[in-house]
Amino acid sequence: MTPYTASKHSRNLLAPLVATLLCLASAAPSLAADEPDKDAPRGAAVTVLKAAKFCFANIVEVSGLVIPREETAVRPDRQGLKVAEIMADAGDSVIAGQALARLTLPEGGTVQVTSPVAGLIANSTAVIGATASGRGEALFSIIARSEFDLVGMVPTQDLGKLTANQTARIKIIGAGEVEGKVRRVASTVEPNSQLGQVFVGITTNRKLLANSSGRAMIKTGQSCGVAVPLTAVLYGAGGTVVQVVRRARVETKRVEVGLMSGGQVEIRDGLVEGDIVVARAGALLREGDPVRPVTVSADTN
């Protein structure tokens, strides 16, 4: 009676233990599957992004001087007059018909010299008591309608891209950024320099200084293609390259770059849209290095 009872009791104790062991045995394969693959590459985490389409403005740059478009010289109509009163000076804005100076006639009496055009007085040689002549130095030089051009030289290869009325953004020393339009493009170039002259009309109400320096950025069109951030491009003696990630390893791609704008560089050859690119390429990454790519969008780079 007693041995039989003990055997039954033992079986009752072993049953839960066997069940537990069976559960652990069935779970063992799933635990092993969660372990990392020993053959998988393990490397540094690198920030990557996809090469994407981007449109670049085709820009022609013109550097030059701010020159009055048209200057009008103001002199008296006859000889032998003397300056009695000066009513305007250099830097003043005037309207057509405005009195600039009063002159004394040889036979007595006075006559006024007026501005023939509206504009800005660029220079004045008028001095009270000095003689004024119809053939001598002009009393006043007026920039007609206060109109200025930026006049510069551009290479032959850019000259053909320019046409009248193309818009421009012009930065002028002392005046900031103003609007402008191409007004005239030379039909010939200088034989030695192979440069041609361009006149860019300036549109602004600000007072400009003649002969001040300026730079015009003229948009001649746009080009759309694959682009990556400037930080993704490496320039070296062996050429220009971009580092891409394939199968968690670094590959170095020789590329041909084009236009640059807004921190992006055009890739004309060597990449296709969607390629996974190392956002900040560097010498620390070499061909075949294993990496752990961390994806970001191009806007956050």
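Cys 224 is partly exposed, because its relative accessibility is 45%, between the limits for buried (under 20% relative accessible area) and exposed (over 50%; 1.4 Å probe, protein chains only). Cys 55 is also partly exposed, at 40%. The model is predicted: local features need pLDDT of at least 70, side-chain atom pairs count only at pLDDT 80 or more, and totals for chains, interfaces and linings use all residues. Residues are numbered from 1 along each chain as its sequence is written, and side-chain values use heavy atoms, without hydrogens and water.

The structure contains one disulfide, defined as a pair of cysteine sulfur atoms within 2.5 Å. Cys 55 and Cys 224 form this link, with an S to S distance of 1.9 Å. The link is right-handed, with 105° about the S-S bond. It connects distant parts of the chain, 169 residues apart: Cys 55 in strand 2 (residues 52-68) and Cys 224 in strand 15 (residues 213-229). Strands (E, at least two residues) are DSSP runs, numbered from the N terminus.

The largest nonpolar core has 22 residues. Such a core is a set of buried Ala, Val, Leu, Ile, Met, Phe, Trp, Tyr and Cys residues joined through side-chain atoms within 4.5 Å. Ile 170, Ile 172, Val 200, Ile 202, Ala 216 and Ile 218 have the most contacts inside it; contact means heavy atoms within 4.5 Å. Strands 2, 11 (148-155), 12 (167-172), 13 (176-185), 14 (195-203) and 15 each supply at least two residues of this core. Apart from it lies another core, of 18 residues, including Val 113 and Ala 144.

Gln 264 lies in strand 20 (residues 264-269). Gln 264 counts as buried because its relative accessibility is 12%.

Technical notes:
Helix = DSSP H or I, 4+ residues; strand = E, 2+ residues; numbered from the N terminus.
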